[in-house]
Each structure stands twice: as structure tokens, then as C-alpha cells.
Amino acid sequence: MSLIISLIYYLFLLLLFGYFVVYHFPQMTSSTSNAASANNPDPNDQVEELDHEKFYHHPVWPQRWHHPELTKEAFSKYKQELWFKDAADRPSRRILTQLFPCNLPWGFIIYRTVYTPESEELWPIVLERIAKRLKEGVMSEAKDNESRVEQLMVKSHKNVIISDPHRWNTASIPQIRSHFVEYLRKLNQTGCPDIPRLAACLVVDEKSLNSIVKDEQLGFLGVIDGWYNPEEKYDFASYRGFMRVQLIALWNLYLDFDRNPMWMLCPDYPDGWIPVYPLGVGGTVQDEDGNEYVRRREGSAERGRGRGHW
């Protein structure tokens with residue numbers, strides 16, 4: 001009995017000491033926490049400077065990307081072969097040549113902001129459908145049954161997935177934009193983006209996740225302009241640096257980001273509606289749930305993919 005009383009006494013002293021340390025010397029626990037964070041930094045916040053001798057790497061990837069068919073030696077050999085030269089006017093050939101090596105693999109930076117129990121089961125389906133639509137878009141560029149350039153493009157694709165339920169669950173557009181802008185700053189990207197991946201980031205929230213599961217063509221993702229400046233005057237006053245893109249249009253969006261900033265690609269839209277990047281001229285708009293607004297088009301396309309009137 002005396003042993004039990006002694007154990008309770010010493011346990012009480014230990015708890016009392018812990019209380020004293022936490023409330024009277026908070027800097028001790030704070031510094032310990034900061035030291036732990038320094039030793040285990042969040043990959044979301046890290047960045048590796050672009051190295052023109054190496055492939056692109058994002059710290060959320062456990063390993064640096066590589067592919068045996070896309071070494072410097074292999075790529076130099078491709079440039080001498082007829083099938084590669086004949087594909088000079090095809091998007092995949094142009095992008096491979098522009099991005100090799102330091103900006104391959106190509107792809108999008110995608111933020112996940114939904115972490116419900118149901119989404120855990122659906123998330124692999126969403127990622128598979130995003131990759132599938134990008135692959136189909138690339139392969140649609142092949143000509144005369146010659147698709148080696150497009151096959152290399154598919155093999156050099158890898159998205160960056162920013163995912164952390166404690167940090168990004170139900171994150172807002174401004175929160176995501178702020179993080180993405182900081183990433184661009186760390187990469188020393190201060191002028192107009194010359195890499196499609198850095199023009200904007202994509203977002204999968206609960207509504208877009210459900211839309212993708214429901215329809216593997218017209219399901220949508222959010223698109224956030226990392227270069228949006230609320231102080232700048234754009235061609236149309238409603239532009240807020242956000243739009244949606246349907247799965248079927250993801251490849252076209254990537255190609256357009258290779259040539260234009262997002263504000264030139266975003267459809268004009270009436271207040272209370274969300275612009276949707278199109279396949280075709282003009283685009284469309286949706287409400288929060290993805291229901292489309294029937295547009296009335298007057299006149300011809302303007303710039304990029306054009307804007308109509310509502």
C-alpha cells in the first residue's frame with residue numbers, strides 16, 4: 001500500500017513540474033518545438049532552385065524524377081532522328097525541347113482541400129482521371145500513326161500534389177494563392193511565367209472532386225492565377241484570378257499557359273458566376289454546383305480563345 005502511495009506522490013510531483021515549466025518558461029517549449037520543425041521541415045514550404053543541369057524536383061516527391069528514355073544522351077540522339085524532326089510542328093515536340101532538362105517532368109501543381117472519409121476512397125479515382133485526360137490530350141496530337149514524341153511526353157509527366165489535412169482542409173483561394181505565390185518567389189519567378197506549371201495552380205475541393213467522380217470529361221478543377229494583382233486593371237473588370245477547367249480541357253489549358261497569362265484565357269463572366277476555361281471559343285460560366293449559365297454570343301472571338309457577351 002505504501003508503494004502505491006509513493007508512486008502517486010511522485011507522479012503528482014512530475015505533473016506539477018510539467019505545469020511549472022510550460023507556464024513559467026514557455027520559451028523552452030517553444031524553442032523545442034521550433035527545433036523539431038527545423039529538423040523536420042514541411043515539404044510544402046521547401047523549394048529547390050531550378051538547376052539547368054538536372055530535372056525539376058519538388059520536395060513533396062520522395063525521390064528526384066528520372067526516366068531512362070529521357071537522359072541527355074538519349075535526347076541528343078532523338079534530335080538527329082527523322083521522326084523527331086518531322087514532329088517539329090507538334091506541341092509535344094515543342095514542349096519537350098523547351099523544357100528539357102530542368103523543367104521536366106511537366107505537369108500541374110495541384111492543391112487538395114477536401115479530406116472527408118468519402119474523399120479518401122475517391123481521391124485515387126480523381127488522380128487517375130486527371131492523368132488519363134492529360135494523356136489522351138497529348139496522344140491526340142499524334143499524326144500518321146507516328147506517336148513516339150507524344151509517348152515521350154506522356155512518360156515525362158508528373159504532377160505536384162500539395163496535400164495535408166491539417167493544413168489544407170477547406171483552404172480558401174487567398175490561402176492557396178498566398179502559398180503558391182511564395183513558392184514562385186522562392187524560385188525567383190518575378191516576371192511573366194515562361195513555364196506552364198508556374199502560370200497557375202489547380203485546386204480540388206469537395207465540389208470539384210464530386211464533379212470529377214460523376215463525369216470524367218466535364219468534371220472540373222479550380223484554377224488560381226499566381227500572378228493575379230488586385231491593383232492591376234485587366235481587360236474586363238470582373239477578373240479575380242480564379243476560374244475552373246474541365247478535365248477534357250486540361251491539355252489545352254497547359255498548351256495555352258505556354259503562350260498566354262491566365263487573364264487572357266479566362267472567359268468574361270457576370271457577377272455571381274464562375275468562369276470555366278473552354279474547349280472551343282468563348283468558354284462558359286457555372287454556379288457553385290457546376291450548373292452552366294446559357295450564354296448569348298455576339299460578334300467574333302477576341303484574343304486567345306475569345307470572349308463573348310452575356
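On this tour, "buried" means under 20% relative accessible area, "exposed" means over 50%, and "partly exposed" lies in between (1.4 Å probe, protein chains only). This is a predicted model, where local features need pLDDT of at least 70, side-chain atom pairs count only at pLDDT 80 or more, and totals for chains, interfaces and linings use all residues. Residues are numbered from 1 along each chain as its sequence is written, and side-chain values use heavy atoms, leaving out hydrogens and water.

**First stop.** Select Arg-90 and Glu-150, which are both buried. They form a salt bridge (a side-chain nitrogen of Lys or Arg within 4 Å of a carboxyl oxygen of Asp or Glu), with the closest N and O atoms 2.8 Å apart. Arg-90 sits in the loop between helix 4 (82-85) and helix 5 (91-99), and Glu-150 in helix 7, so this pair ties together parts 60 residues apart in sequence. Helices here are DSSP runs (H or I, at least four residues), numbered from the N terminus.

**Next stop.** Now pick Glu-69 and Lys-155, another salt bridge, at 2.8 Å between the closest N and O atoms. Glu-69 belongs to the loop between helix 2 and helix 3, while Lys-155 is in helix 7 (residues 148-155), 86 residues apart. Glu-69 is partly exposed at 32%, and Lys-155 is partly exposed at 31%.

**Another pair.** Is Glu-53 buried or exposed? Select Glu-53 and see: with 56% relative accessibility, Glu-53 counts as exposed. Its salt-bridge partner is Lys-72, with the closest N and O atoms 2.7 Å apart.

**Before you go.** How many salt bridges does the structure hold? The total is 15.

Note on methods: Helix = DSSP H or I, 4+ residues; strand = E, 2+ residues; numbered from the N terminus.
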